[in-house]
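The model is a predicted one.

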Amino acid sequence: MIIRKAKIEDSVEIAENLFLAMEDILYEFIGIKDTKEAKKFLLYFVENKNNQYSYENCFVAENEKGIEGSINIYNGAELNRLRMPIIQHIKEHYNKDFCPEKETQQGEFYIDSFGVNPKSQGKGIGSKLLQFIINNPDFNQQTLGLLVDEENPNAEKLYLNFGFKSIGQKKLAGKKLKHLQREPTK
């Protein structure tokens, strides 16, 4: 298995993987609980540049079967700029006033979401993606941050085992989430 920077041609698989982690939040974003529409919305942004879900901000885990997992990460200081196209799109296409809470901030590289193909779950792919980010020279001298659902203790345990620590709570799209951070590697 290799982990590499994503390319535009990976967009369909990236969107499918990220959807697994974002499903409820996407429904809240677009204002309807419609899987097909939420996936279409996410794919639109994954395959476009200059937004928080863009393939430009993703890495993929790939083996001979294809892409097995995807992780989305960006500089938290860029959140407002990266989120603006999403806010505009939602207002224009879903006729919805959209003012989401800030999920990250300056001073952290934010792991927005990551997911593993359901057929490949339980094989350590998510752990390998996370370890790749932690060891990556572009990120290992930075504070890493992420949010984890309070109702997902298994995910929280995984992050804690990788050196993340709880620093508080945040709310996003009506969900209460724990904000975890990992300090830079010394």
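Start with Y44, which is partly exposed at 38% relative accessibility. Y44 and F45 make an aromatic pair, and the geometry is edge-to-face, with 4.9 Å centre to centre and 90° between the planes. Ring pairs also tie these two into a cluster with F41 and Y94. In total, the structure holds 11 aromatic pairs.

Another of the pairs is Y74 with Y110: the planes sit at 70°, which is over the 60 degrees needed, so this one counts as edge-to-face too, with ring centres 5.8 Å apart. Y74 belongs to strand β3 (residues 66-75) and Y110 to strand β4 (residues 109-116), so the pair ties together parts that are 36 residues apart in sequence. How accessible are they? Y74 counts as buried at 3% relative accessibility, and Y110 is buried as well, with a relative accessible area of 1%.

| Pair | Centre to centre | Angle between planes |
|---|---|---|
| Y44 and F45 | 4.9 Å | 90° |
| Y74 and Y110 | 5.8 Å | 70° |

Then there are the lysines. K5 has its charged end over the ring of F59, 4.9 Å from the ring centre. K39 does likewise with F19: its charged end sits over that ring, 5.1 Å from the centre.

Definitions and conventions. Residues are numbered from 1 along each chain as its sequence is written. This is a predicted model: local features need pLDDT of at least 70, side-chain atom pairs count only at pLDDT 80 or more; totals for chains, interfaces and linings use all residues. Side-chain values use heavy atoms; hydrogens and water are left out. Rings of Phe, Tyr and Trp (its six-membered ring) pair if their centres lie within 6.5 Å; planes under 30 degrees apart count as stacked, over 60 as edge-to-face and the rest as tilted. Buried means under 20% relative accessible area, exposed over 50%, partly exposed in between (1.4 Å probe, protein chains only). Helices (H or I, at least four residues) and strands (E, at least two) are DSSP runs, numbered from the N terminus. A charge sits over a ring if NZ of Lys or CZ of Arg is within 6 Å of the ring centre and within 35 degrees of the ring normal.
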